[in-house]
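Subject: Structure handover

Hello,

Please find the structure below, followed by notes on what was found in it.

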Amino acid sequence: MPAAYEQYLVPVVFQPFAEDLAARAAALRPRRILELAAGTGVLTSRLLGALPSAEVTATDLNEAMVAFGSTRAPGAVWRQADAERLLFPDDSFDLVVCQFGVMFFPDRVAAFTEAGRVLAAGGRFLFNTWGPLEAHGFEVALQAGLERAFPVDPPEFFRRIPHGYADPAVVGADLAAAGFAVADEHELTLPGRAASTADLATGYLSGTPVRAAVETHRDAPAVRATVFEEMTARLGAGPVTASMTAYVFRAAAATTGPSAMRVDT
């Protein structure tokens, strides 16, 4: 799954936002960076390029992702780690960064609290989340294809998980509960460009958790064909371009007192 994810989805869906997040990280000039849910290392490699003198520690819960990412971005220290129970001492990092990973944390407040614990005084927490499913052109087409292929009980992974944390007010409340204040919140829409819809569909059906639903279906080839057909009807055969919307958050440890809900840094 990591190989399909890396080949078909990372350049199209994740790389544009990694470049943005790395530029935001570089503006903060951190010396010690912890990346959570690093996946195959698309953001990791951009951080290494944007901050060549920084120490980058990349972590992921999935051992296969860590193994793959360590070959893609060998300049970082790679560790398998649970974001809710980090294995690092207090005050270890100047920046904690996470690209499209916080939606997967079962207890986001616990994970955010851990991020705060390992941050040194003055450190920052920088991350992004996807906007609503309807604001992601590729995944709207994918979900429509899944609903055609599974007329009863279609997979809802994309609506429920990647796009299930798309309310900035909820994110802000979770940050506040973990002791952070939002320093900056930004809605960002970027284009994704794929060589073909067939490649894109292959990436989604082979490199994401919907793979399990497809492979266990009694007629997996028919499912794939239906999804390809629906996505092509909506996007064209390719090359294809679609807009993708995310929210970017930068947070700092909240000061005490009633005015601590938001800080400017």
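N128 sits in strand β5, residues 119-130 (helices, H or I of at least four residues, and strands, E of at least two, are DSSP runs numbered from the N terminus). This is a predicted model, in which local features need pLDDT of at least 70 and side-chain atom pairs count only at pLDDT 80 or more, while totals for chains, interfaces and linings use all residues. Residues are numbered from 1 along each chain as its sequence is written, and side-chain values use heavy atoms, with hydrogens and water left out.

N128 counts as buried because its relative accessibility is 0% (buried is under 20% relative accessible area, with a 1.4 Å probe and protein chains only). Leaving aside residues up to four places away in sequence, N128 touches F17, L21, C98, Q99, F100, V102, M103, Y247 and V248 (contact: heavy atoms within 4.5 Å). Q99 is 29 residues from N128 along the chain, yet their C-alpha atoms are separated by 5.5 Å. The side chains of N128 and Q99 are also joined by a polar contact of 3.4 Å (N or O atoms within 3.5 Å, one able to donate a hydrogen and the other to accept it; residues adjacent in sequence count only if both atoms are side-chain atoms).

Regards

Key. Buried means under 20% relative accessible area, exposed over 50%, partly exposed in between (1.4 Å probe, protein chains only).
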